[in-house]
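Keep the sequence and the 3D view at hand.

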Amino acid sequence: MPIQYLSHLSSEKRDRRSDLHLGCVLAFVAGAVNAGGFLAIGGYTSHMTGIVSGMADDLALGNVSVALAALAAWLAFISGAATTAVLINWARRRRLRSQYALSLLLEALLLLIFGVAGTYLAALRDILAPVTVLLLCYIMGLQNAIITKISGAVIRTTHITGMSTDIGIELGKLFYYNRKPLPELVVRANRQKLKMHALLILFFFTGGITGALGFKHIGYSATIFLAAALAMLAAGPIAHDIRLLWRYHRRQS
């Protein structure tokens with residue numbers, strides 16, 4: 001039952017419940033990677049608003065090299081999102097069940113590389129820190145695009161600003177007093193949306209605490225557990241497609 005449930009979370013057949021549960025898992029991973037990445041390299045890698053703002057400030061102050069580094073990080077995030085779009089559309093045209101699982105597996109492999117290579121990253125921090133920033137930004141772009149494509153841009157997992165804005169809007173509706181009985185102008189809060197965003201932020205925050213503690217006590221290897229969780233999510237649909245391809249090639253031979 002747990003294996004079937006995990007497989008359903010990354011399957012091509014979606015429902016609102018599976019979208020929310022997958023979003024919570026990915027929000028937890030994003031929070032953990034973001035917090036762990038900050039302790040590793042001293043910067044957050046999912047905060048594109050801050051990166052682009054910093055790039056503008058550095059250009060204005062004449063810090064061209066720093067601005068170019070921020071530009072590279074931004075482009076890495078975009079490249080990650082573009083990779084997800086390519087993988088999903090490639091798999092969709094071939095009617096594969098793993099159209100979303102492929103990006104999850106790629107993210108798992110990259111996090112595994114980050115965790116296994118952590119010893120070398122720590123020893124050569126000054127040399128490899130820029131590469132680490134690009135890798136983590138790419139991973140965050142990859143992941144954010146997965147849930148964005150799955151949910152039709154309803155759920156995002158790597159940044160909190162938009163979700164916090166939506167929570168504020170719905171709270172404003174919730175506490176609004178409809179003084180006059182005007183059915184066409186009644187203000188009602190979308191409680192389901194409010195609950196969804198609150199859960200996503202909670203999982204992001206919990207992931208941040210977990211990632212920070214994991215990096216503090218275990219080090220880079222803490223991301224191996226995140227990679228394993230993502231691989232488990234992706235395993236079912238990918239295994240199903242591999243079995244179908246194997247049967248097809250056996251019939252052809």
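Residue classes come first: Ala, Val, Leu, Ile, Met, Phe, Trp, Tyr, Cys and Pro count as nonpolar, Asp, Glu, Lys and Arg as charged, and the others, Gly among them, as polar. The model is predicted: local features need pLDDT of at least 70, side-chain atom pairs count only at pLDDT 80 or more, and totals for chains, interfaces and linings use all residues. Residues are numbered from 1 along each chain as its sequence is written, and side-chain values use heavy atoms, without hydrogens and water.

**Second largest pocket**
- By class, its lining has 13 nonpolar, three polar and no charged residues.
- The lining holds 16 residues; Ala-69, Ala-73, Ala-129, Pro-130 and Val-133 lie nearest the centre (lining: an atom within 4 Å of a point on a 1 Å grid over the protein atoms alone; pocket: an open set of points where a 1.4 Å probe fits, with protein on both sides within 12 Å along at least five of seven lines).

**Largest pocket**
- Four nonpolar, three polar and five charged residues line the largest pocket.
- Among them are Arg-16, Arg-17, Asp-19, Lys-193 and Lys-195.
- Helix H2 (16-41) and helix H9 (191-217) each supply at least two lining residues.

**Helices H5 and H10**
- Residues in contact (heavy atoms within 4.5 Å) include Leu-104 and Leu-105 in H5, and Leu-226 and Ala-227 in H10.
- By class, this contact has 18 nonpolar, two polar and one charged residues.

How values were computed. Helices (H or I, at least four residues) and strands (E, at least two) are DSSP runs, numbered from the N terminus.
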